[in-house]
Amino acid sequence: MKKLTLKSNIAAAWNRNARLVSILVLSVFTLTAFTACEDDDDDPIVDTINQQDKNFAISASQTINGQIALATLAKTKGDDDSVIEYANMIFDDHTAAKAELTGLASSREFEISNEVSAGMQAQLTALTLLSGNDFDKAFINSQIEINDNIRSMMKNQVDNGLNTLLRTFADKLSEKVDGHQKEALLVKAEIAIENI
């Protein structure tokens with residue numbers, strides 16, 4: 001009889017321990033799930049469009065259109081191979097950005113522009129009058145300035161925009177433009193070395 005009672009006590013203790021472990025494991029999973037939910041609430045996906053988002057979409061599309069126009073001009077008027085390669089890169093990247101922004105606009109409540117900003121139009125007009133090495137230097141110098149302006153515009157949208165998709169778009173384009181800026185500085189240095 002004592003053996004049976006000892007076995008029963010061991011089995012009962014084992015069951016209590018197994019239940020305690022199950023409760024502890026369940027508690028950990030529950031706390032983890034609540035913590036994960038809290039993290040998601042900190043940065044919710046916002047599909048609402050505010051005035052900042054609308055202004056950004058117009059400005060960004062005009063700038064992207066300007067970059068495509070400038071790249072198209074440089075692909076035909078550029079003299080140095082590195083300028084032409086750079087122009088091909090910004091043409092491809094900004095054409096892809098335009099397609100993405102157009103897709104976002106078609107499914108949301110904001111508009112984009114098919115125009116070029118006034119400042120970029122003035123640069124286009126001035127560059128049209130140049131050729132050869134003068135064109136290459138002026139083009140790449142304008143790109144360095146434009147890339148700085150684009151990065152500022154994108155950072156402003158990331159920091160102040162409401163719409164999550166537009167903020168993500170701005171962040172992604174900013175990374176691309178960081179690469180453009182590095183390349184533009186290398187091209188500028190190459191042109192300077194070649195003209196010594």
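The structure is a predicted model. Mean pLDDT for the chain is 86, with 78% of the residues at 70 or more.

Helix α3, spanning residues 81-106, packs against helix α5, spanning residues 132-160. The angle between the two helices is about 35°, and their axes lie 11 Å apart. The crossing of α3 past α5 is left-handed. On the α3 side, the contact is formed by Val83, Tyr86, Ile90 and His94. These residues meet Asp136, Phe139, Ile140, Gln143, Asn147 and Ile150 of α5. Sorted by class, the contact of α3 with α5 comprises six nonpolar residues, three polar residues and one charged residue.

Side chains of opposite charge can pair when their charged atoms come close. Across the whole structure, six salt bridges were found. One of them joins Lys172 to Glu100, with 2.9 Å between the closest N and O atoms. Lys172 belongs to helix α6 (residues 164-194) and Glu100 to helix α3, so this pair ties together parts of the chain that are 72 residues apart in sequence. Lys172 is partly exposed, at 44% relative accessibility. Glu100 is likewise classed as partly exposed, at 29%.

The side chains of Asp148 and Arg151 meet in a salt bridge with an N to O distance of 2.8 Å. Asp148 and Arg151 are three residues apart in helix α5, so about one helical turn separates them. The relative accessible area of Asp148 is 33%, which places this residue in the partly exposed class. Arg151 is also partly exposed, with a relative accessible area of 27%. The pairing of Asp148 and Arg151 extends to a further residue, as Asp148, Arg151 and Asp178 are linked in a network of salt bridges.

Asp159 has a relative accessibility of 49% and counts as partly exposed.

Methods
Residues numbered from 1 in each chain as written. Predicted model: local features only at pLDDT ≥ 70, side-chain atom pairs only at ≥ 80, totals over all residues. Heavy atoms only, no water. Axes fitted to C-alpha atoms, helices over the stretch in contact; angles between N-to-C directions. Helix = DSSP H or I, 4+ residues; strand = E, 2+ residues; numbered from the N terminus. Left-handed = near helix turned anticlockwise from the far one by under 90°. Contact = heavy atoms within 4.5 Å. Nonpolar A, V, L, I, M, F, W, Y, C, P; charged D, E, K, R; others polar. pLDDT = per-residue confidence, 0-100. Salt bridge = Lys/Arg side-chain N within 4 Å of Asp/Glu carboxyl O. Buried < 20%, exposed > 50% of the residue type's maximum accessible area, 1.4 Å probe, protein only.
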